[in-house]
Amino acid sequence: MYLLILVLLPMAGGLFAGIAGHRTPKTDVPISLAALGLEWLLCLGLIPQTGKTLDLPDLVGLGLHFQVTGLSVLLCVVAATLWLVSGIADREYLHHDKKTARYHLFLLLTEGAIMGVFVSGDFYTTLVFFEMMSLASYLLVLHNETEEAREAAGSYLAYAVIGGMVTLMGLFLLYNALGTLRFDDLPAAVAAYEGNRSMLYAAGLCTLVGFAAKCCMWPLHTWLPKAHPAAPAPASALLSGIITKGGVFGILALAAKVFVHDVTAGNFLLLFGVITMVWGGFMGLCHTNVKAVLACSTMSQIGFILTGTAMQCLLGEENGIAVWGTLLHMMNHSWFKLVLFVTVGIIAHTTGKLELSDLQGFGRGKKQLFVIFLLPALGIMGIPLFNGYVSKTLIHESIVEYIHHLSHAGMDIGLYKAAEYLFLLSGGMTVGYMVKLIVCLFFEPNHDSAVQAEYDQTKPAASPFLMGLLTACAALCPLLGMTPHFTLERVAAFAQGFFPTQGMEETVAYFSPANLKGGAISIAIGAVLYVVFVRTMVRRRDSTYCSPWPKVLSLEDSFYRPLLMVWLPFVGAVCARLAASLFEWLAKLVNKLLFFRFNPIVTPPENHRFANYDPHPKGRRGNLGTLNFGLTLFGLGYVAVMLYLLVRNVVL
Amino acid sequence: MYNYLIPLAMILPMASGILMGLLRNNSGRNILFAETLAATLLCAVAAACTGSGLTTVADMGVFAFRLGADRVGHLFAILFSALFLGAGVFSLEYNSHDDHQARFNGFFLLTLGAMMGLSYSQNLFTYYFFYECMTLLSMPLVFHEGTEESMKAALKYLGYSLFGAALVLFGFFYAGQYCDTTNFAEGGSFNLAGQAHLPMALIAAFCLMLGFACKAGMVPLHQWLPVAHPVAPAPASAILSACITKAGVLGILRCAYYVFGAEVLRGSWVQTAMTVLALITVFTGSMLAYKERLFKRRLAWSTVSQVSYVLYGLFQFTPAGFGGGLLQAVFHAVSKTALFLCAGAVIHQSGKTQVHELTGMGKRMPVVFGCFAFASLSLVGIPPFAGFVSKWSLATGGLSVYGTLGIVGAAVLLISAILTAGYLFPIIIHGCTEDAEDNTPLEPGLRMLVPLVVLALALLALGIFTAPLSGLTETIASISKEVLP
């Protein structure tokens, strides 16, 4: 029951806020804040409920099944916190917006749906809520209704619908092969599966697609750099911070429940995780729109998480270190992105701009803003003493450990060594693009001195309360990072129950020289990338910023859109028209053959009233010759016959 | 007990339909019209609740005129009368400026009478009789507008229907030879003579089902559908799409499960051929709907596609497929009625018929577009709307029967779902997020809105609380269970 309330409360609150805000403007804000606050309390109340399940077999066809695991509690609490903070923030951004009622409606619907995803106990329930979440969040991307937002939202919707359908296909196949979709029963069902194993891989791959599209795994990431700049900042924070985690949740469920310790699945995931990580980092270096940089950063960090998930598969039973790394990086990343996006939102709200060249020098002398931005930035870069360092170190260590295992077994380690180097390289890219943002926003003076003078005068358009809240959120990054054994590790140990793992045997010495070396290498690579790449390629001589990445190479515009909008519909339509008109042609042919050199025997009368009705019939019998009259007579006769038969039957 | 309820449900609309032409008072006639529709629904529900049955009504030489009701009959009777009620109430406002409202109302009711007869038919002869009645009586609905185009469309409708009916008749003669009785019996009554002439019996079954599939709009006999639906007035298109196509479905269902029996057809070439045709139709309909620019014709192509989902389920000849097919039949009927009524509301209020003209309309008629969105989500199969549930059972049912063809089937269903999203969502998106040149509100009156809202909410409710309905369809479908290997 508690779980049902957890899911339905935000939805009900959203409906209520939407209707109220539609009737009387502004009433939706307090209602939605109240709902968000209540939901946050409910999520905290979920902690002692760990292990509970809820079965609703009568709902939505196959029935819904909920289950509270450590992972669900962790994700629910993170989600509710993010929603609450972004709800507080959007109260200030959307001040002059007339469509807040709609925004709040879909904001809360999305929250309810994502809670449903996180507490789901089988793939069917996951999919039901995942689809709801995808569609509800579509309206958040679209919210501004600019041309840009429309295009981005279009991509987002296409990914959501197509991805969702492919996942549905995967679930059909899984359900058909295994007979169950429950997380608890799946490992046993897979172990007992005797059919062709490639069938399972095909099913898993299909299931993966929808989730991968949501968490922007390469090559299904192209919606992301478009959607974030177009959406309102609080919505971007949610998209980036937690809605992507809805996709990750699905992948985690696949990796931990279906492909338990499966090497093939692990290698596949590792490959795509590494590509995502590197590609996201590289695009982050190239982009010059602040929100797009953060979006690419999200992609890259999801790549880290996927790598962790892959190592969790590869390491077998002793995968505690990878599990912890994955869990902590998910949590940390949500946190960074919340603070970063909301801060960028404040900047964008103050200036109305998002391009680096325009925003250059905005933060000079704004100390509080600088601190708020710097702390999570340092965290995401993986600087020691910040929480990002801990999770990245854990994932890195898991790769190192696997290489260690393999070399002991005398197997080839070349590819995994490459993965490790690429991991460090991506860490360096993270440093590179974050330094780019910090230097541009807070250190360099604007290339136009008039603008700089104006920026020096303006204050960030945010209430002291919001600034204080953000400072507190940002301060959490070093706090957690300095006390990993007391905070982060406990969280990870609490949440690891979802995975097939023995947990950690020994604690990691995060600040040992070996681990610090990994961090140092990344920072060094980052410094080199910044100096060599950003300062020469991205930043122009006249100190403006311009992306060196040619637009022609955009995967979406040059390949996906033409493929889906032009080529496939063309081929499909040709086939469909052929199939649809074969019989017509046949009929015409027969007609021609039958009446070859003969006049048709039956000619429809030329009388225009044959099937027509004259609204003002001429003469008393004007309508008698029409088909209408004939049919009416037919109906009368038919009713008379029926009446006779029925009456006779009843009487006799 | 209560045996009069079933005849009453048929006689009421027919008698009242005849009266429509005689009444001169507009408002009185409209009240009678609405009351008749409501009374018919009540009769159908009451008949279902009391479980009333009635068997042979009259023997006419070789043929017996049998009426009665089993669960399938009750289900379809309630479905038909409920949708007629919705569309009928809608038509009162839609046709309020029409010179020929009486004629429309009259044939509308007569068609309903025929459809109630179809639901309550208990043998193939009675079914065939009402089937032809329905064709002829619904034809005036198609050419109601009286334009050149609508007359051509009506003749096409008639031509295809008669061709289909001829195929049915052919199959009917042979069915009488190869089955003990053409009465509808659970599990069918295939006999020894049929066993001896199995190839011929299969051809007969194929013709029977192909003939009925003409009404259900299956390739290759689907061409009447995209022609006839757009020219009819919106409430009539809704009925054509939602109910009359289901008469074909009901016919196939009766032949396959109640005359020949599922075990005869399972694994035969008939199954493969019909399934392949159904899948081709599913794809073709969606693809052409995606390419179509006329609003109502787009919806008509969508019907072509969606009704073949039902057929894909029925042709699996298993309880799962049968149950899924029935669910899809109900859900499609409700959502397609809602969609056509929305199209009708737009046409009535603004006169816009092309898809690209609908930009910004959602802001002018938000309730109508809200209902349109609900119905679209259901048709695409987005949870928790109703369409998702039926799609799930159809696809998993297919996978458990066919092997490779099942995988192809599931893939085709999903590609078609993507296309469905592709042809419905842009209407909502452009309608609701872009600004029109003119922003005056255009929301129609209550007689249009109430049926729409009820249908839209029904889709959500049916999607979430599926258990009662799916329980019923499972019970119905269990007749083919015993013979499963």
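In helix 21 of chain A, the buried residues are Asn515(A), Gly518(A), Gly519(A), Ser522(A), Ile525(A), Gly526(A), Leu529(A), Tyr530(A), Val534(A) and Val538(A). A residue is called buried if 20 or more other C-beta atoms lie within 10 Å of its own, exposed if 12 or fewer do, and partly exposed in between, with C-beta atoms placed from the backbone. Helices (H or I, at least four residues) and strands (E, at least two) are DSSP runs, numbered from the N terminus. Helix 21 spans residues 513-538 and bends by about 35 degrees at Tyr530(A). That bend is the angle between axes fitted to the seven residues ending there and the seven starting there. The cover over the buried residues of helix 21 includes helix 11 (263-286), helix 15 (367-381), helix 16 (387-408) and helix 17 (414-443) of chain A.

The model is predicted: local features need pLDDT of at least 70, side-chain atom pairs count only at pLDDT 80 or more, and totals for chains, interfaces and linings use all residues. Residues are numbered from 1 along each chain as its sequence is written, while chains are lettered from A and ligands numbered from 1 in the order in which they are written.

**Confidence**

pLDDT is the predictor's confidence in each residue, from 0 to 100. Chain A averages 82, with 92% of its residues scoring at least 70. For chain B the mean is 85, and 97% of the residues reach 70 or more. The predictor gives the complex an ipTM of 0.89 and a pTM of 0.89. In chain A, pLDDT stays under 50 over residues 606-615, where the model has 20 contacts beyond four places in sequence. It also stays under 50 over residues 619-623 of chain A, with six such contacts. Two residues are in contact if their C-beta atoms, placed from the backbone, lie within 7 Å. Where pLDDT is low, the predicted coordinates should not be read in detail.

**Chain A as a whole**

Chain A has 23 helices and two strands. Its C-alpha atoms fill a box of roughly 105 × 70 × 55 Å along the principal axes. Of the 652 residues in chain A, 54% are buried. Among contacts in this chain between residues at least 6 apart in sequence, 79% join residues at least 24 apart. An example of two residues separated along the chain is Phe268(A) and Ala310(A): they are 42 residues apart, and their C-alpha atoms are separated by 7.9 Å. Phe268(A) belongs to helix 11 of chain A and is partly exposed, because 18 other C-beta atoms lie within 10 Å.

The domain assignment of chain A gives domain 1 (262-549), domain 2 (552-603) and domain 3 (611-652); such bounds come from an automatic or database assignment. The centres of domain 1 and domain 2 of chain A, taken over C-alpha atoms, are 53 Å apart.

**Core and chain contacts**

A nonpolar core is a set of buried Ala, Val, Leu, Ile, Met, Phe, Trp, Tyr and Cys residues joined through C-beta atoms within 7 Å. The largest has 415 residues, and Val141(A) and Leu311(B) have the most contacts inside it. Helix 6 of chain A supplies the largest share of this core, 20 residues. Domain 1 and domain 2 of chain A each give the core at least three residues.

Between the chains, 60 residues of chain B are in contact with 49 residues of chain A. The chain B side has 44 nonpolar, 13 polar and three charged residues. Here Ala, Val, Leu, Ile, Met, Phe, Trp, Tyr, Cys and Pro count as nonpolar, Asp, Glu, Lys and Arg as charged, and the others, Gly among them, as polar. Tyr175(A), in helix 6 (residues 147-178) of chain A, has 21 C-beta neighbours inside 10 Å and therefore counts as buried. Beyond its neighbours within four places in sequence, Tyr175(A) is in contact with Leu181(A) and Thr396(B).

**Backbone details in loops**

| Site | Feature | Value |
|---|---|---|
| Val219(B) to Pro220(B) | cis peptide bond | omega near 10 degrees |
| Pro383(B) and Pro384(B) | cis peptide bond | omega about 5 degrees |
| His261(A) | positive phi, not glycine | near 55 degrees |
| Phe317(B) | positive phi, not glycine | about 55 degrees |

Pro220(B) lies in the loop between helix 8 (198-215) and helix 9 (224-231) of chain B. Pro384(B) is in the loop between helix 16 (366-380) and helix 17 (386-402) of chain B. His261(A) sits in the loop between helix 10 (233-258) and helix 11 of chain A, and Phe317(B) in the loop between helix 13 (295-314) and helix 14 (319-350) of chain B.
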